[in-house]
Protein chains: 6
Amino acid sequence: MVDRLEKGKAKFNELYGEGKADGLVEMQTGLAQDLARYGIEFNFGDIYSRPGLTLAQREMATIAALVALGGLEPQLQGHTRGAINAGLTATEILETVIHTVQYAGFPRALNAIRVVTDALIAYGVEIPPALGPDKD
Amino acid sequence: MVDRLEKGKAKFNELYGEGKADGLVEMQTGLAQDLARYGIEFNFGDIYSRPGLTLAQREMATIAALVALGGLEPQLQGHTRGAINAGLTATEILETVIHTVQYAGFPRALNAIRVVTDALIAYGVEIPPALGPDKD
Amino acid sequence: MVDRLEKGKAKFNELYGEGKADGLVEMQTGLAQDLARYGIEFNFGDIYSRPGLTLAQREMATIAALVALGGLEPQLQGHTRGAINAGLTATEILETVIHTVQYAGFPRALNAIRVVTDALIAYGVEIPPALGPDKD
Amino acid sequence: MVDRLEKGKAKFNELYGEGKADGLVEMQTGLAQDLARYGIEFNFGDIYSRPGLTLAQREMATIAALVALGGLEPQLQGHTRGAINAGLTATEILETVIHTVQYAGFPRALNAIRVVTDALIAYGVEIPPALGPDKD
Amino acid sequence: MVDRLEKGKAKFNELYGEGKADGLVEMQTGLAQDLARYGIEFNFGDIYSRPGLTLAQREMATIAALVALGGLEPQLQGHTRGAINAGLTATEILETVIHTVQYAGFPRALNAIRVVTDALIAYGVEIPPALGPDKD
Amino acid sequence: MVDRLEKGKAKFNELYGEGKADGLVEMQTGLAQDLARYGIEFNFGDIYSRPGLTLAQREMATIAALVALGGLEPQLQGHTRGAINAGLTATEILETVIHTVQYAGFPRALNAIRVVTDALIAYGVEIPPALGPDKD
């Protein structure tokens, strides 16, 4: 039987960089470390490790879900890094936020795009220019 | 065909003051400006510009929706200004928050009424006194 | 001290018709009747009975909050009746749903406007025609 | 290393009756069975199997969370059965729904208490009478 | 200036088939047709027509957002069709639902995967088999 | 007839300490004090004062509901104190948050467990150690 914790750490580190999974658990205190560990085991050892979607597709679905749920700024910030590392372009990440406005409404989408844009800038990623009004 | 961006800016500025719509777009960076522009075009050029509801009625519905969705403090703060400018009294705005407690529960309503009260105070609007317990 | 249950029933019946408050409690079974009674006492005896907003304003805020929360079809249907009885026009009710799309997104708004439209038709209220695309 | 699927099935069957876990997976089709299996492995093999809370406490927390999230009638119905099997009384289950009205608002609590009451009746559990207005 | 309604209808029909956009508006009654028209103009004329994401990527983000919001069965059903037409495989659609369980929780994900699986079956799409427990 | 405000204050102070209920109302300004007062009257005078659940059970249901709703950090912090005062152990409180991850997803549960852990530390409560991976 596979060791899901090791499998999850490997997948997490593939996305975020060597040693990052341990840091995620260690930044929690006491019993809360079990919840972070489940996040590694289940989210990354079980779900992210499934075939059928690429890491880039998974990060795109993640961004859309986080915008829709609302109020999850720390996760949006972290997954912006994950999305870049998975190979999504800044355009693809930002367009995913813009796409979600149809379903989640403007306030959640606008709050999210500020967090994502700031995270991209902090990671040194160039922000693509606005397309501007349709001129056709 | 009407220019929705110009129409939206005019409606937004009618609510918030001359030149404010441009500021809303400019405070975003790059691609995010497109989302802010859609906010002007669709929210203000299409929806707020419809007949059938007064600006004051629209701001009241907006406050109720924002309290119900929860976690949208920046928007609640902004629309408190919009609601005052649209002619709602401080009493009407605060009573709309109190009214929404039935549907959204106490935590969301209490967090919202703090944001709205602080915004009213910041705008120099006098806060009406509590009615207090029913003495009939 | 005021009897909030009687006060709530009177306000509920003012909105929905004589004897309706008793029916609301009686359609629940056993302990659940206490929750329905709190709905009469608190929602109608305390909140709806406050001065500061008209019944029509309250119903408008209610519709906006229900659309934003999503998945509350029975309440949307009931308050469509309440909104009509409080003096809102079909246009004002439907425009409140359309207004809320900005904050709640298209799926919740579209599901809500179907429930509200069906309720208006069931109550024999004429549905106003669409404005159609802007022809300016 | 423990077999989480077997552990989860055992815990699930402890709550719902012999053989029920297999039924939960089999009622899904194809790939969806993996999601149901994760529900057994993670929810029941990992979380429900933790020490620190009794099964009855877990079912109480579950009811409160389901009412708060809204729109989860199938799960509320199922966990009403689970709560009874875990040793909660009908009063404790219904009072948990009533308690949650403070946080989730009246529409979600009222819709939930109808589902829970109907489930209790279907399971042959006697519904406790309402306490009625405070007569002190 | 571009006619957004025509542009939106063309994009909608590209996804759902010739003439479908007109049907979407016509199935609404009166004023509600304006909301459906905004859905065509804004969602499909503005957002879906943007470059930067493929139609398949957009449908994946849509599925994730709808699962996260919860209670949007009619939209999930419709977009399952859209996702197939945009070129996503049944595996990709179902894996997107499974992926979202991390963020939206099991009840919303399980209710969604039933709707999506049933829709796929109704459209004559073969459901891929479960992967089953990890055997490594 | 009972004075619900006095009854609510007594119940609130039983949970939080002498004089705390007055502070809750006084920290609000003007009309917002009415909403805080309703919180004392309805939440504590009506709901928390009902028989059928212990104070400890109520606080457990409250924690679960607050985690599920998301974005309610001030309330989670306050009720962590209430939960300790009602006799719940740190383990029971933290396990309630961990339990809720099944329904509310990882982001809400992880954000909540940080707030609860920090509140427990601030109150001088020892944090129980993680159980760690299953070693059976």
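## Chains that meet: a short briefing

Chain A and chain E together bury about 3300 Å², with 65% of that area on carbon and sulfur atoms; buried area is the accessible area (1.4 Å probe) that two parts lose on being put together, summed over both. This is a predicted model, in which local features need pLDDT of at least 70, side-chain atom pairs count only at pLDDT 80 or more, and totals for chains, interfaces and linings use all residues. Residues are numbered from 1 along each chain as its sequence is written, chains are lettered from A and ligands numbered from 1 in the order in which they are written, and side-chain values use heavy atoms, leaving out hydrogens and water.

**Chain A by itself**

- Chain A has seven helices and zero strands, where helices (H or I, at least four residues) and strands (E, at least two) are DSSP runs, numbered from the N terminus.
- Read from the N terminus, the elements of chain A go α-α-α-α-α-α-α.
- Along the principal axes, the C-alpha atoms of chain A fill a box of roughly 60 × 30 × 30 Å.

**Where chain A meets chain E**

- Here 38 residues of chain A are in contact with 38 residues of chain E, contact being heavy atoms within 4.5 Å.
- The copies meet through the same surface, because 100% of the interface residues of chain A are also interface residues in chain E.
- Four salt bridges are found across this interface of chain A and chain E; a salt bridge is a side-chain nitrogen of Lys or Arg within 4 Å of a carboxyl oxygen of Asp or Glu.
- Look for the salt bridge between the side chains of Glu95(A) and Arg58(E), at 3.6 Å from N to O.

**Where chain B meets chain F**

- In this pair, 22 residues of chain B are in contact with 23 residues of chain F.
- Chain B and chain F bury about 1800 Å² between them, and 67% of it is on carbon and sulfur atoms.
- Chain B can be laid on chain F by a turn of 120° and a shift of 0.0 Å along the axis, with an RMSD of 0.0 Å.
- The two copies are thus related as by a three-fold rotation axis.
- Within chain B, the C-alpha nearest the axis belongs to Gly71(B), 3.5 Å from it.

**Salt bridges over the structure**

- Over all chains, the count comes to 60 salt bridges.
- One joins the side chains of Arg37(B) and Glu41(B), 3.0 Å from N to O.
- Arg37(B) and Glu41(B) are four residues apart in helix H3 (residues 32-47) of chain B, so about one helical turn separates them.

**The largest cavity**

- The largest cavity has 13 lining residues, of which Gly70(F), Gly71(F), Glu73(F), Arg108(F) and Asn111(F) lie nearest its centre; on a 1 Å grid over the protein atoms alone, a cavity is a set of points where a 1.4 Å probe fits but cannot get out, and lining residues have an atom within 4 Å of a point.
- Helix H4 (55-69), helix H5 (73-85) and helix H7 (106-122) of chain F are the elements that give two or more residues to this lining.
- H7(F) provides the largest share of the lining, three residues.

Definitions and conventions:
1 Å grid on protein atoms, 1.4 Å probe; cavity = no way out; pocket = protein on both sides within 12 Å on 5 of 7 lines; lining within 4 Å. Least-squares fit on C-alpha atoms with pLDDT ≥ 70 in both.
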